[in-house]
Amino acid sequence: LFINRVRGLPPGPPPLPLLGNTLALGDPIDQVMLRWSKQYGPVFTAWLPAPTVVIADYKSLQESVVKQGDLFGDRSVPSVQMKMLVDGEYGLVFNGNYMWKEQRRFALHSLKDVGFLSESLQESVKSYSQHIVSDWKKDGADGKEIDVTHNIMYGVANLIWLLAFGRTVQFGDPKLKVVKDEVNKLFVAFVHPCVPFLEYFPYIGILDPLFGYPIRNMKEVSDSCMDIVRKELDITEKALNYDEDPRCYADSFFIEMRRREEKGEPMGNFTRDQLAVAALDMWTAGFETTVTTLRFAIHHLMSRPEIQRKMQKEIDQQIGQRQISMEDQKALPYCMAAILEIQRLANIVEMNFYRETNQDTVIGGFRIPAKTAILPQFPSVHVDPKNFERPDYFCPERHINDAGEFMKDPRIMPFSLGKRQCLGEGLARMELFIFLTTFVQHCSFSSPTLIPPEIKLIRGITRSPELYTVKITARF
Ligand code: HEM
């Protein structure tokens, strides 16, 4: 039956018994997948360890995941892991498919109701950007080398905290540092080589001690993150006035729970467990990704001062010293190009999340049955020399046309594509633009050593730069 199921799937690298191709998934995964796509075609089968159809070029991604969006909108949910970690398929990322639609719609609506992408959210982003640069001007005075992570972290964290829990946390509050460390550990724990096997061979748990307890570690870190989130939700609930407008996503969720209870409607997925995992998803998906992209950005700018100077020149000419806002995007084509290029180069999600077909279909001429795991591997498109000449070269100019205008490139899709495209894309774009332009408007970043240090990467669900320091010079 198994052989019948995989017969007809596209060809791919030969798998080892049980291990499939997982041993070949060394780093960087975006490059490994690109190599396979050159060898076996843009749509190929990789065993990770179960057979997964990988789509690794722009045209095939458009034809499948975008044009047949509904068919590719389901998530291949790691049910065993979800049961073990959070007692079921809850949340926004690994939510089972029927519930996901309702939950995603609810999340988008309720976030909009509480000001997602509104003028007031933009004001908060601006105010955190100012807070960060003024701290840096103090911390980095007298040429002191500093680690930029902490201040960026407080700014980004507060924006999500505000949307999810309806309040902010003081810059420097140790609680956020604890949360960040736990989320980092969770991201790294998830990509331990043993973890994918748990889904197909749940008894691998017995061998946990042999591998240094990766599964126990993952459970402990997940429990600790869930504890933090549940405590925050308790605080939000205590302060909630059901007669007033919701202040945040959690408020909207509690109000909807009460409404259903009072009307005697089925609660469906409107439970505390769902709320806790959804808040954790929002937190993990929205925090680590944005902080990591900004940290990559500063490293790239420190390594290429001429690009930084061009951004500064453009800002000086078009904006001066006033606060930058989203409306300034058109006036800053070079900055827009630099940000797009940073996202392409950073490629922080080097292996995308799995989807699953919900009907039989055809991709790239291959018949793909319903319930096949699909990997829309957009990160490999970003590093393909067929799309970008010298793909590892940081070159904002490739996104500027002869008239000096910024050109969007649809092949750069750091927020993924199709129905499962990132839910927080609007906020992330706002943060990246306002934070980064404000950073270079106020500060110059330079390397503490003559030759800027190479980026060393920590690999997890996202890849992030190891700790590095930078010298900051205030521009005014
Ligand atoms: C630079 C920042 C960010 C990047 C690069 C990023 C990237 C991604 C990617 C690649 C996915 C997977 C899509 C797929 O399955 O194909 C995703 C999903 C998601 N992201 Fe983001 N993201 C960022 C920021 C955010 C923010 C700020 C939030 C929340 C406020 C957020 C919330 C989510 C959620 C909830 C999902 C799951 C969507 C679903 O399955 O329906 N992300 N993101």
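From which domains does the shell around the ligand draw at least three residues each? In this predicted model, the shell takes at least three residues from domain 1 and at least three from domain 2. The domain assignment places residues 1–78 and 351–381 in domain 1, while domain 2 comprises residues 89–347 together with residues 383–474.

The ligand is surrounded by 26 residues, of which G286, T289, S416, C422 and G424 are the closest. Among the secondary-structure elements, α12 (272–303) and α16 (425–442) each contribute at least two residues to this shell, and the greatest contribution is that of α12, which provides seven residues. When the residues of the shell are sorted by class, 15 are nonpolar, eight are polar and three are charged.

The relation between the two domains was examined next. Taken over C-alpha atoms, the centres of domain 1 and domain 2 are separated by 27 Å, and the contacts between them involve 27 residues of domain 1 and 22 residues of domain 2. On the side of domain 1 that touches domain 2, two or more residues are given by each of the helices α2 (29–40), α3 (58–66) and α15 (378–382), as well as by the strand β3 (74–75).

Technical notes:
Residues are numbered from 1 along each chain as its sequence is written. This is a predicted model: local features need pLDDT of at least 70, side-chain atom pairs count only at pLDDT 80 or more; totals for chains, interfaces and linings use all residues. Domain bounds come from an automatic or database domain assignment. Two residues are in contact if their C-beta atoms, placed from the backbone, lie within 7 Å. Helices (H or I, at least four residues) and strands (E, at least two) are DSSP runs, numbered from the N terminus. A residue is near a molecule or strand if its C-beta atom, placed from the backbone, lies within 6 Å of it. Ala, Val, Leu, Ile, Met, Phe, Trp, Tyr, Cys and Pro count as nonpolar, Asp, Glu, Lys and Arg as charged, and the others, Gly among them, as polar.
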